[in-house]
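Q: I would like to learn how to read a protein model. Can you take me through it feature by feature?

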Amino acid sequence: AGLVDEGCYYFDCMSQDYGIKPAVDHYTCMVDLLGRAGYLEEANGFIGKMPFQPTVVVWMALLGACKIHGHVQIARNSAQCILELEP
C-alpha cells in the first residue's frame with residue numbers, strides 16, 4: 001500500500017503543486033497502479049471521476065487487473081465498455 005499511497009501523492013502533486021493538468025496517460029497509470037495493487041473498486045471509481053471519457057486503454061488496464069485478482073463483475077463491466085468503444 002505504500003507505493004500506492006506514493007503514486008496517489010505524486011498524481012495529486014501534479015495539479016496542486018505544479019499546475020500540471022493530468023492527461024489520459026496519467027489517469028491510465030493510476031488505474032493500473034490501483035488495480036494491480038488489488039484496489040479494483042477504487043480504480044473503477046477513479047475512472048468514473050475522470051474529467052474526460054475513458055479510453056480503451058484505461059478500460060484495458062482495469063480489465064488486466066481484474067484478471068490478476070479474479071474480479072469477474074468489474075471485468076465484465078470493463079469488457080462491455082471496451083466493446084462499446086471499439087466494437
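A: Start with Tyr27. At 11% relative accessibility, Tyr27 counts as buried. Buried means under 20% relative accessible area, exposed means over 50%, and partly exposed lies in between (1.4 Å probe, protein chains only). This is a predicted model: local features need pLDDT of at least 70, side-chain atom pairs count only at pLDDT 80 or more, and totals for chains, interfaces and linings use all residues. Residues are numbered from 1 along each chain as its sequence is written, and side-chain values use heavy atoms, with hydrogens and water left out.

Q: How many aromatic pairs are there?
A: Rings of Phe, Tyr and Trp (its six-membered ring) pair if their centres lie within 6.5 Å; planes under 30 degrees apart are stacked, over 60 edge-to-face, and the rest tilted. That rule gives five aromatic pairs. Take Tyr9 and Tyr10: the ring centres are 5.2 Å apart and the planes stand at 70 degrees, so this pair is edge-to-face. Tyr9 is partly exposed, at 49% relative accessibility.

Q: What kind of pair do Tyr27 and Phe46 form?
A: Their ring centres are 5.4 Å apart and their planes are at 40 degrees, so the pair is tilted. Tyr27 lies in helix α2 (residues 24-36) and Phe46 in helix α3 (residues 40-48), so the pair ties together parts 19 residues apart in sequence. Helices here are DSSP runs (H or I, at least four residues), numbered from the N terminus. Phe46 is buried, with 17% relative accessible area. Ring pairs also link Phe11, Tyr27, Phe46 and Phe52 into a cluster.

Q: Which side chains meet in a salt bridge?
A: A salt bridge needs a side-chain nitrogen of Lys or Arg within 4 Å of a carboxyl oxygen of Asp or Glu. The structure holds one. Asp32 and Arg36 form it, at 2.9 Å from N to O. Both lie in helix α2, four residues apart, about one turn of the helix. Asp32 is partly exposed at 24% relative accessible area, while Arg36 is exposed at 54%.

Q: Which residues touch the most other members of the largest nonpolar core?
A: A nonpolar core is a set of buried Ala, Val, Leu, Ile, Met, Phe, Trp, Tyr and Cys residues joined through side-chain atoms within 4.5 Å. The largest one has 22 residues, and Val31, Leu40, Phe46, Ile47, Trp59, Leu62 and Cys66 touch the most other members. The elements giving two or more residues to this core are α1 (2-16), α2, α3, α4 (56-69) and α5 (72-85). Helix α4 gives the most, with seven residues.

Q: What is Leu62 in contact with?
A: Contact means heavy atoms within 4.5 Å. Leave aside neighbours within four places in sequence. Leu62 is then in contact with Val31, Leu40, Ala43, Asn44, Ile47, Ile74 and Ser78.

Q: Which residues of α3 are buried?
A: They are Leu40, Ala43, Phe46 and Ile47. They cover an arc of only 120 degrees around the axis, which puts them on the same side of α3. The arc is that of the directions from the helix axis to the C-beta atoms. On the other side of α3, Glu41 and Gly48 are exposed. What covers the buried residues of α3 includes α1, α2, α4 and α5.

Q: Is Thr28 buried or exposed?
A: Thr28 lies in helix α2. At 11% relative accessibility, Thr28 counts as buried. Beyond neighbours within four places in sequence, Thr28 is in contact with Val57, Val58 and Ala61.
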